[in-house]
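Subject: Model handover

Hello,

Please find the model below, followed by notes on what was found in it.

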Amino acid sequence: MFVVHAAHFHCNDWYRNPPDDTSHSPGSFWKWPHFPGTVHDPDGGIPEEVYNELVRYAKYASGAYQVLCPRPMGNTLVTQFTDVITATQGFIARDDTRNELVVSFRGSREIASAIIDTSLVLSTLRGPGLPKNTDAHVHTGFLYAFRSVGERVLNVLCEQFEKFPEYDVAVSGHSLGVRRIVPFRDTTYVIVLEQGAIACIAALSIRNSFPDATLRLFTFGQPRTGDHSFAELVETVIGMNNVFRGVHSFDGVPTMIPTRLGYRHHATEYWQFTEPPAPRHVRRCVGGEDPEGSASIPSTGINLPHMVYFEQPIAVRSHRLYLTSVVSG
């Protein structure tokens, strides 16, 4: 897998040389924001093994953006999937050392996704493999994008489980979108197509279709995806301890879709609240909308923290093009 190193990520010195917040008192001035009111996370951060898993699946999410990734993380590439209408893409890899199947989604660089980005209306959760007896609703565009690849993903996993019935499943996804100005009443929102959201819907489908398989979900920069019922469904079917929703400091995408439109986040959020990336700088939040988590930070849309997750630059070139267009246009 081709990995873009931070040294090649020439945004500016603001990211490349972050100070260690532990060398400063809570009230002192320094370059990186430190959102909790103490130098250390109140809960002492997260275990190193959990942090390492976040790093690992951030690499998978990064790999989904590479033009060529014949052996994701050195493992077997089972298949790649693409829908030309929704531009939803990703791959399924098999790790025979960890006995695991990994489904990774990537965001779209295509203009076609802009059509989906306008669909802020919540739709009834219906699609391949999804639970039928539920009143959950999700973002119409995210659901449409999942439907475009969901059947293929389930079919390939079914084939793999026939050969490797004891394997676990991990689903990962990060976001990249096309800017789209969406008027809603007297307010204008900038909405992007988020593959973290599609990964979430896909994980729910996979867990419901293969109830005997152990499944974990890792998303990075995922926006609010559905309503309160959907959030509860994710927490119940997948399990809060199996959901790792990563948020990087003041990344504006997770809170870009406001709660006043009926949307709610699901648990469990892992908020890296300051730099540098380290287990002690990540907080395991409580519930889906923890007031002491990233929900406490006003959204600034797609920004620099959205481009890097747990030490992994993700789709850097495309995000730089996006940021350039925002600044110049």
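Does Glu289 count as buried or partly exposed, and at what relative accessibility? Glu289 counts as partly exposed, because its relative accessibility is 26% (buried means under 20% relative accessible area, exposed over 50%, partly exposed in between, with a 1.4 Å probe and protein chains only).

This is a predicted model, in which local features need pLDDT of at least 70, side-chain atom pairs count only at pLDDT 80 or more, and totals for chains, interfaces and linings use all residues. Residues are numbered from 1 along each chain as its sequence is written, and side-chain values use heavy atoms, with hydrogens and water left out.

Salt bridges

Glu289 and Arg224 meet through their side chains in a salt bridge, at 2.8 Å from N to O (a salt bridge is a side-chain nitrogen of Lys or Arg within 4 Å of a carboxyl oxygen of Asp or Glu). This pair links distant parts of the chain, 65 residues apart: Glu289 is in the loop between strand 12 (282–284) and strand 13 (308–309), and Arg224 is in the loop between strand 9 (215–220) and helix 6 (228–239). Helices (H or I, at least four residues) and strands (E, at least two) are DSSP runs, numbered from the N terminus. Arg224 counts as buried because its relative accessible area is 5%.

The whole structure has 10 salt bridges. Another of them joins Arg98 to Glu53, with the closest N and O atoms 3.0 Å apart. Arg98 is partly exposed, at a relative accessible area of 33%, while Glu53 is buried at 17%. Arg98 has a further salt bridge with Glu100, where the closest N and O atoms are 3.6 Å apart. Glu100 is buried, at 4% relative accessibility. Through shared partners, salt bridges join Glu53, Arg98, Glu100 and Arg216 into one network.

Cysteines

The search for disulfides finds 0 in the whole structure (a disulfide is a pair of cysteine sulfur atoms within 2.5 Å). Cys200 is buried at a relative accessible area of 0%, and Cys285 is buried at 3%.

Chain totals

The chain has 7 helices and 14 strands. Of its 329 residues, 56% count as buried. The chain exposes about 13,800 Å², of which carbon and sulfur atoms supply 52% (accessible areas come from the Shrake-Rupley method with a 1.4 Å probe; for residues, only the protein chains shown count as cover). Among contacts with a separation of 6 or more, 70% are between residues 24 or more positions apart (contact means heavy atoms within 4.5 Å).

Confidence

The average pLDDT of the chain is 78, and 71% of the residues score at least 70 (pLDDT is the predictor's confidence in each residue, from 0 to 100). Confidence is highest in helix 6, at 98, and lowest in strand 8 (residues 187–191), at a mean of 35. Residues 37–41 have a pLDDT below 50, and this stretch has 15 contacts in the model beyond near neighbours in sequence. Over residues 109–116 the pLDDT stays under 50 too, and the model has 22 contacts for them beyond four places in sequence. Where pLDDT is low, the predicted coordinates should not be read in detail.

Regards
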